[in-house]
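Please take a moment with the sequence and the model before reading on.

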Amino acid sequence: MERNAEYWKTQLGLESHPEGGSYASTFRSGQDSETEQGMRPLYTSIYFLLEAGEVSHFHQLESDELWYYHDGAPLTVHMISEEGVYTAAKLGLAIEEGERPQILVPAGTIFGSSMTGPGQCSLVGCMVAPGFDFEDFKLFGTDELLNRFPQHEAIIRKMT
């Protein structure tokens, strides 16, 4: 059987994510940590899938997030720091082409992702520490980001 988007959605029980793409929660620490936002698990982890033509829209978390490549096309993780610096990190296995199998998105960074290679989909894992809570998730609109970072208009229009 071909490992396409439908295969992964069925096998892993993936559902639509508000930022775009599909996901399934896989792990949640049994230990908690005190944060400025209240008690959070020490870490959480998900599977995340993007299909060709989809993007993970610009959003922000209050915790660090580690991305891990699993299968399919490589991804580019687009990041705008709190200071307004844009960077693009490639997630994949072609090390000689600048890809890395793991990427860190620091807490407070505005970020999203898009497929950068050929293929029908990209499957990755994301681990958040302290753990993810939708209360700590902010999804951005185009106008809000253009007002803050007009110098990044092209990528903001693509990722919102």
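**A walk through the predicted model**

Six aromatic pairs are found in this structure, which is a predicted model. One of them joins Phe-48 and Trp-67 in an edge-to-face arrangement, with 6.0 Å from centre to centre and 70° between the planes. This pair links distant parts of the chain, since Phe-48 belongs to strand 5 (residues 44-51) and Trp-67 to strand 7 (residues 64-72), 19 residues apart. Both partners, Phe-48 and Trp-67, are buried. Another pair is made by Phe-132 and Phe-134, whose ring centres lie 4.8 Å apart and whose planes stand at 85°, so that this pair is edge-to-face as well. Phe-134 counts as partly exposed, because its relative accessibility is 40%. Returning to Phe-48 and Trp-67, one finds that they form one aromatic cluster together with Phe-111.

Where helix 1 (residues 5-12) starts, a side-chain oxygen of Asn-4 comes to within 3.2 Å of the backbone nitrogen of Glu-6, and just after the helix Gly-13 takes a positive phi of about 65°. Glu-6 also takes part in a salt bridge with Lys-9, at 3.9 Å from N to O. Lys-9 and Glu-6 are three residues apart in helix 1, and therefore about one helical turn separates them. Each of the two is partly exposed, Lys-9 with a relative accessible area of 22% and Glu-6 with one of 47%.

Charged side chains also meet elsewhere, and a search of the whole structure finds eight salt bridges. Among them is the one between Arg-3 and Asp-71, in which the closest N and O atoms are 3.1 Å apart. Here too distant parts of the chain are linked, for Arg-3 lies in the segment before helix 1 and Asp-71 in strand 7, 68 residues apart.

Because Arg-40 sits in strand 4 (residues 38-41) and Glu-135 in the loop between strand 12 (121-129) and strand 13 (138-139), the pair ties together parts that are 95 residues apart in sequence. Arg-40 is buried, with a relative accessible area of 6%, while Glu-135, at 65% relative accessibility, counts as exposed. Arg-40 and Glu-135 belong to a network of salt bridges that also includes Asp-133 and Asp-136.

The last stop is the empty space left among the atoms. Rolling a probe the size of a water molecule over the atoms shows where such space remains. The largest pocket has a volume of about 240 Å³, and of the 18 residues that line this pocket, His-17, Tyr-23, Ile-46, Val-128 and Phe-132 are the closest to its centre. Which strands each supply at least two residues of the lining of the largest pocket? They are strand 2 (22-28), strand 5, strand 7 and strand 12, and strand 5 gives the most, with four residues.

Definitions and conventions
Residues numbered from 1 in each chain as written. Predicted model: local features only at pLDDT ≥ 70, side-chain atom pairs only at ≥ 80, totals over all residues. Heavy atoms only, no water. Polar contact = N/O pair within 3.5 Å; in protein donor to acceptor, adjacent residues only side chain to side chain. Phe/Tyr/Trp six-rings, centres within 6.5 Å; stacked < 30°, edge-to-face > 60°. Buried < 20%, exposed > 50% of the residue type's maximum accessible area, 1.4 Å probe, protein only. Salt bridge = Lys/Arg side-chain N within 4 Å of Asp/Glu carboxyl O. 1 Å grid on protein atoms, 1.4 Å probe; cavity = no way out; pocket = protein on both sides within 12 Å on 5 of 7 lines; lining within 4 Å. Points joined across faces, edges and corners; volume = space filled by probe spheres on them.
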